[in-house]
Structure formats: structure tokens, C-alpha cells
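Trainee: I would like to learn how to read a protein model feature by feature. Could you take me through one, giving the general idea before each case?

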Amino acid sequence: MADRVLVIGSGGREHALAWKLAQSPHVKHVFVAPGNAGTADNGKISNSAVLVSNHTIVTQFCKDHNIGLVLVGQEALLAAGIVDDLRAAGVRCFGPSAKAAQLASNTSFAKAFLDRHGIPTARWKAFTNPQEACSTDFPARVVRARGPAARKEVTIAASKEEACRAVQEIMQDRMFGEMVVIEELLQGEELSCLCFTDGVTVASMPPAQAHKRLLDGDQGPNTGGMGAYCPVPQVQQCSSS
């Protein structure tokens with residue numbers, strides 16, 4: 001492990017990464033850019049004002065501060081290819097390439113990938129025309145904007161009218177993009193099963209469950225996550241391979 005590490009992002013995910021990295025005796029210091037209140041001057045952790053949207057500036061920061069490893073948590077930057085640019089400049093970086101990041105940042109790409117490889121997924125259609133989007137005949141609908149900045153913009157619509165309102169916000173008002181993906185709503189428990197991989201070996205993390213809806217009783221609008229817990233009682237054990 002490198003002596004100096006840079007974590008890119010400003011959310012709870014990056015806070016957790018920095019907190020754990022700082023516990024390693026092999027890590028001298030953890031910079032977080034831009035970071036948050038929890039990562040500001042906290043022992044071996046400090047925030048940096050480096051402009052993360054400019055990959056050239058980030059690269060120079062890494063060289064100036066002898067950064068041995070960069071971890072990117074911010075999804076929009078992964079989709080924008082920051083890992084590709086840092087690696088091309090000789091900076092060691094943990095994170096997917098822009099092409100691989102499409103599985104998380106581009107809903108229509110991810111759904112097509114699942115279909116192409118025979119991976120079970122809810123029925124879906126992608127639309128660029130709002131009138132056509134409102135004509136889907138799924139009994140219950142999940143309306144998703146496409147694009148890295150809107151990945152978490154999801155509306156669970158109980159009626160066709162509610163789905164059409166969401167489509168209008170996304171497409172006609174251009175709040176989140178010019179394409180919308182509408183899925184059949186699947187009922188049941190939703191778990192997150194994340195893995196580490198080097199392209200050959202896959203090591204799974206314990207499954208977790210996030211609280212996605214704003215209100216108690218699974219009510220209210222969908223959010224990016226109102227907290228999560230792990231382990232989950234629905235899964236007894238998890239193994240790596």
C-alpha cells in the first residue's frame with residue numbers, strides 16, 4: 001500500500017473509505033477531494049481543494065504530493081473517464097474505466113448488457129419520445145433517467161398517470177436527460193451485492209440493504225439511500241471465489 005492515498009468524492013462512501021484506509025499502518029496520510037465535514041483535518045485524514053473535474057490538475061496534484069494510489073468513489077467522475085486519464089499518466093488508480101462504469105452510470109446500457117448476456121432483469125424499454133414512453137403497458141412502472149448525474153433519479157409509479165408525470169419531468173423539462181428507461185416493477189426484497197475484482201478473480205462483500213424510500217413503511221419518493229445495514233437477515237452467508 002502506498003504511503004499517501006487520495007480518495008475522490010464527498011459523500012459517506014468516501015468518508016468510510018478514508019476512515020478505513022487511515023487505520024492501516026502502511027498509509028501515512030489520506031487526502032479526500034473535495035471531502036466533507038467528517039474528513040476535514042481528522043488525524044491522518046484531510047480534505048483537498050484540488051479541482052477533481054479537471055483530470056490534468058488531479059494528475060499534477062498526485063505527482064506533487066507523491067500520491068501512490070487514488071480511489072475514486074464519485075460515479076460521475078468514473079463515467080467521465082478519470083481512471084483512464086490517471087492511469088495513462090502513470091498514476092495508480094482503483095476504480096473502473098469509463099467503459100466499465102457505464103454499467104452503473106448508463107441505465108439503458110446496463111439493461112441491454114443484462115439482456116445480451118442472459119442475466120435476469122425486469123422487462124424494460126428505453127424512450128427518447130415522451131408520448132411513446134407514456135404508452136408502456138407494464139402493470140407497475142419504475143421510471144429511470146439515464147446518465148451518471150441522474151442515476152439515482154428513480155420514480156416508482158403506482159399508476160400510468162404518475163409515470164407520465166415523471167417522464168415529463170425527465171424528458172420535457174430536461175431536468176435529468178433526454179432519455180428515459182421504464183421498467184416493470186418487481187416486488188420483494190432489494191439487496192446490494194458488491195464485489196471486488198481484478199478482471200480475473202471476484203471477491204464478494206457481505207450483502208447490504210439500503211433504505212431507499214424517504215418515509216417509513218416503504219413510502220414516499222425514492223432517494224439515493226437513507227442509510228443501510230449489514231449483515232442482512234435475508235441472506236445467511238456469503239462466500240468468495
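Predicted model: local features only at pLDDT ≥ 70, side-chain atom pairs only at ≥ 80, totals over all residues.

Trainee: Let us begin with charged side chains: how many salt bridges does a search of the whole structure find?

Mentor: The general idea is that side chains of opposite charge can pair when their charged atoms come close. Here the search of the whole structure gives 3 salt bridges. In one of them, arginine 13 pairs with glutamate 75, with 3.1 Å between the closest N and O atoms. Since arginine 13 belongs to helix 1 (residues 12-22) and glutamate 75 to helix 3 (residues 75-79), the pair ties together parts that are 62 residues apart in sequence. Arginine 13 itself is partly exposed, its relative accessible area being 42%.

Trainee: Turning to the nonpolar side chains, which residues of the largest nonpolar core touch the most other members?

Mentor: In soluble globular proteins, nonpolar side chains tend to be buried together. The largest nonpolar core has 20 residues, and those touching the most other members are Leu6, Ile8, Val58, Val70 and Val72. Among the elements that give two or more residues to this core are strand 1 (4-9), strand 2 (29-34), helix 2 (55-64) and strand 4 (69-72). Leaving aside residues up to four places away in sequence, valine 70 touches several others, including Leu6, Ile8, Cys62, Leu86 and Phe94. There is also a second, separate core of 13 residues, which includes Ala133, Ala145, Ala166 and Ile182.

Trainee: How should I read the sheet of 4 strands, and what is the order of its strands?

Mentor: Strands of a sheet pair through backbone hydrogen bonds, either parallel or antiparallel. This sheet is open, with the order 6-9-7-8 and antiparallel pairing. Strand 6 and strand 8 (154-157) are the edge strands, each pairing on one side only, and the twist from one strand to the next averages 20°. Strand 7 (residues 141-145) and strand 9 run antiparallel and are joined by 5 bridges, with valine 143 opposite isoleucine 182 in strand 9.

Trainee: Which helix packs on the sheet, and which of its residues are buried?

Mentor: Helix 6 packs on the sheet, touching strand 6, strand 7 and strand 9, and its direction makes about 145° with that of strand 6. Its buried residues include Thr107, Ser108, Ala110 and Lys111. Viewed down the axis of helix 6, the buried residues fall within an arc of 160°, so they line one face of the helix. They pack against helix 5 (98-105), strand 6, strand 7 and strand 9. Just after helix 6, glycine 118 has a positive phi of about 70°.

Methods:
Residues numbered from 1 in each chain as written. Heavy atoms only, no water. Salt bridge = Lys/Arg side-chain N within 4 Å of Asp/Glu carboxyl O. Buried < 20%, exposed > 50% of the residue type's maximum accessible area, 1.4 Å probe, protein only. Core = buried A, V, L, I, M, F, W, Y, C linked by side-chain atoms within 4.5 Å. Contact = heavy atoms within 4.5 Å. Pairing = 2+ DSSP bridges. Axes fitted to C-alpha atoms, helices over the stretch in contact; angles between N-to-C directions. Arc of directions from axis to C-beta.
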